[in-house]
Amino acid sequence: MTAAPLNRHDHFKKLFPKEPKFRIKQIEKAYFTQSMKGWDDVTTLGKEMRSVLTKEIPWISCKSVSVLSSKTGDTHKAVLEGLDGELFETVLMANNRDQWTICVSSQIGCAMGCVFCATGAMGLKRDLSSDEIADQFRFWRQFLLDRPELNQRISNVVFMGMGEPLVNIENVKAAIKTWLDYTDIGPTRITVSTVGVLPVLQEILTDPDWPAVRIAISLHSPEEESRRKIVPTTAPKFHEKLARWTRDYQGVLGNRRHHITFEYTLIAGVNDNAQEAKELVKFVKRCGEAKVNVIPLNPVMGKEFSASSRQGIEEFKKVLLDSNIDVTERKTMGQDIAAACGQLALKIKKDGEVVG
Ligand code: SAH
Ligand code: SF4
C-alpha cells in the first residue's frame, strides 16, 4: 500500500510555517467559493504568496481522466487522477428530489474483500487524502457549472464509492468537516456506509470530533457464518456486538433524524430466502430502532452471483414490512456505465480507453 499524497494545508504549513492559522481557513474557504478558479483569484493573500502557491499547490487535488454518462442521463461516473497519478472513481446520481447525490470514494480499492464487490476484488492500493475526498464535491460542482442546462444542486453525499471509510477515518472526518464548514450540505444529508468495523464504530461513540452524519451498516446476512462467507472480515460475535453498538449509538448520538440503516444486498440463493428474512427481523428488533435498505445485487464481471428475482425481492421485503420493519429498496442506477454500487473497479485506462 502506498501513502496518500500530502494534504494542501500540510503542504501550505511546510511552505509558510510562520503564517497564522486563519490563513488555512481563508484558503479552504476559497477552494469552495464558486467564483474562484485559481490562486490568483484569492486576493486576500499577498501577490508573492499567490505566485508560490500557483507553482507549488495544485488548485484541485484530483483531475478528470474520463467521464461516462448513463443513457438515461441520471448517472455520471468520473475517473479521477490523484496528485501521484493513481486513479479512482466518483459518481453523480440524480436523487428522488430531482437534485444530485454524489457517491464518493474514500480509498483506492479496498482490503475487505467482500465477495460480491468489484472494488474488493482490486485489493487496497491506498487511502485517499482528505483533499481527494473533499474535492470530489468540487469536481462535480464544476461539472454541473459547465452544464447549466442541468439542475445545479448537490444535496446529498454518500460514502458508497470505492473503499471502506472507517479504515481511513481521519481523512473521512476531515473531508466531512470541510463540506459542513464550506458548503450548504447539512450533516443529515451525508451518509457514511461501512462494512462494520467494530472498534472504529465504538470510537465514534465517544469521539468529540465525530460529525453528526448518518451511518449505514452493510449487514448482508443476519447470521455470522453465512455473513462471513460473503463478507470475510466478519468478526466473531459480530451480530451480538453490532446490536449492542446500535443500541448504544441510539443512546449517545441517535435521534429522530439519526437512525441506523442496515444495508442488505440481495443475492439470489445466498441470503434472500424467507428464513433469512425472518432472522433479519429478529436481529433488527434486537437493535432498537433501525431501518433496512435492500439493494438488488448489481452484476460484477467475473463473479458468479446474480440478483434476486423481482418476486424474491418483494417477498423478502414483505416479511420485513409485515413485522413493522421500516424497509426501503435502493434504486439501481448507472449499471450501463458500471457506476452502480459495488461496480467501481477502474475498467478505464489513463487515456480514457474503456478496457472492461
Ligand atoms: N465499504 C463500504 C462502502 C462502499 S460499498 C461498505 O461496504 O458499506 C457501498 C455499498 O455497496 C455497500 O452497502 C456494499 O455492500 C454495496 N455493494 C457492494 N457490491 C455490490 C454489488 N455488486 N451490488 C450491490 N451492492 C453492492
Ligand atoms: Fe470494501 Fe465495501 Fe466493497 Fe466490501 S462492499 S469490498 S467493504 S467497498
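Modeller: Let me begin with a side-chain pair, Glu 89 and Lys 77, whose side chains are joined by a polar contact of 3.5 Å. Please keep in mind throughout that this is a predicted model.

Colleague: Where does Glu 89 sit, then? And is Glu 89 buried or exposed?

Modeller: Glu 89 belongs to strand 3, which covers residues 87–94. Its relative accessible area is 0%, so Glu 89 counts as buried, the cut-off being under 20%.

Colleague: Okay, on to the ligands. Which residues come nearest to ligand 1?

Modeller: There are 21 residues around ligand 1, and those that come nearest are Phe 116, Ser 193, Ser 218, His 220 and Asn 298.

Colleague: What polar atoms face the nitrogen atoms of ligand 1?

Modeller: A polar backbone atom of Gly 163 is 2.9 Å from a nitrogen atom of ligand 1, and an N or O atom in the side chain of Glu 164 is 3.2 Å from a nitrogen atom of the ligand.

Colleague: And what about an oxygen atom of ligand 1?

Modeller: For that you can look at His 220, where a polar side-chain atom lies 2.8 Å from an oxygen atom of ligand 1. Taken alone, ligand 1 exposes 530 Å², and the protein buries 96% of that area.

Colleague: Which elements give two or more residues to the shell around ligand 1?

Modeller: Those elements are strand 8 (190–194), strand 10 (260–266) and strand 11 (290–296). By residue class, the shell around ligand 1 divides into 10 nonpolar, nine polar and two charged residues. The space that ligand 1 takes is the largest cavity.

Colleague: What surrounds ligand 2?

Modeller: Around ligand 2 you will find Cys 110, Met 112, Gly 113, Cys 114, Cys 117, Gly 120, Gly 163 and Val 195. That shell has five nonpolar and three polar residues, with no charged ones. The space taken by ligand 2 is, again, the largest cavity.

Colleague: Back to His 220 for a moment. What is its phi, and where in the chain is His 220 found?

Modeller: His 220 has a positive phi of about 65 degrees, although it is not a glycine, and it is found in the loop between strand 9 (214–218) and helix 8 (224–230). With a relative accessible area of 4%, His 220 is buried.

Colleague: Last one, what can you tell me about Asn 171?

Modeller: Asn 171 has its place in helix 6 (residues 169–182) and is buried, with a relative accessible area of 17%. Although Asn 171 and Asp 131 are 40 residues apart along the chain, their C-alpha atoms are separated by 8.2 Å.

Terms used. Residues numbered from 1 in each chain as written. Chains lettered and ligands numbered in written order. Predicted model: local features only at pLDDT ≥ 70, side-chain atom pairs only at ≥ 80, totals over all residues. Heavy atoms only, no water. Near = heavy atom within 4 Å. Polar contact = N/O pair within 3.5 Å; in protein donor to acceptor, adjacent residues only side chain to side chain. Areas by Shrake-Rupley, 256 points an atom, 1.4 Å probe, with all protein chains shown as cover. 1 Å grid on protein atoms, 1.4 Å probe; cavity = no way out; pocket = protein on both sides within 12 Å on 5 of 7 lines; lining within 4 Å. Sits in = over half its atoms within 2 Å of the grid points. Helix = DSSP H or I, 4+ residues; strand = E, 2+ residues; numbered from the N terminus. Nonpolar A, V, L, I, M, F, W, Y, C, P; charged D, E, K, R; others polar. Buried < 20%, exposed > 50% of the residue type's maximum accessible area, 1.4 Å probe, protein only.
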